[in-house]
Amino acid sequence: QLQLVESGGGLVQPGGSLRLSCVLSGSFFRSYGMGWYRQAPGNQRELVAFVSIGGTTTYADSAKGRFTISRDNDKNTIYLQMNDLKPEDTAVYYCNADPLDRVSGGMDYWGKGTLVTVSS
């Protein structure tokens, strides 16, 4: 059974950095497009960044130039390096795996999320 486990969230000051990780277990990692999505209180879940099976990356406008998504197929892991964090980046960040390799993500495989709080 596929499982996704996120880590790396926490409290950071504006302008700071965090690196999120998501490990996939129970299935063949290389068969999935992988993405990071976030949900702030009162808002819908939204795309942050996506990396396809082939390694192509897609970013939300809010993430371009500040965030970098990467995947390590040997470690079954994706990362989200977040720099120059802003208070509006505060949200629960979720990892998604999609066997159909869609930027929008699939409905079936989500992690439980990791909270990122950007505040002074």
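A charge sits over a ring if NZ of Lys or CZ of Arg is within 6 Å of the ring centre and within 35 degrees of the ring normal. The model is predicted, so local features need pLDDT of at least 70 and side-chain atom pairs count only at pLDDT 80 or more, while totals for chains, interfaces and linings use all residues. Residues are numbered from 1 along each chain as its sequence is written, and side-chain values use heavy atoms, without hydrogens and water.

**Exercise 1.** Determine over which rings R45 is placed.

*Solution.* Step one: R45 lies over the face of Y94, at 3.9 Å from the ring centre. Step two: the charged end of R45 also sits over the ring of W110, 4.3 Å from its centre.

**Exercise 2.** Classify the pair of Y37 and W110 and locate its members.

*Solution.* Rings of Phe, Tyr and Trp (its six-membered ring) pair if their centres lie within 6.5 Å; planes under 30 degrees apart count as stacked, over 60 as edge-to-face and the rest as tilted. Y37 and W110 are edge-to-face, with 5.3 Å between centres and 70 degrees between planes. Y37 belongs to strand β4 (residues 33-39) and W110 to strand β10 (residues 109-110), 73 residues apart; strands are DSSP runs (E, at least two residues), numbered from the N terminus.

**Exercise 3.** Is Y37 buried or exposed?

*Solution.* Buried means under 20% relative accessible area, exposed over 50%, partly exposed in between (1.4 Å probe, protein chains only). Y37 has 3% relative accessibility and therefore counts as buried. W110, at 26%, is partly exposed.

**Exercise 4.** Identify the aromatic cluster that contains W110.

*Solution.* Y94 and W110 pair edge-to-face, at 6.5 Å and 90 degrees. Together, Y37, Y94 and W110 form one aromatic cluster.

Methods. Helices (H or I, at least four residues) and strands (E, at least two) are DSSP runs, numbered from the N terminus.
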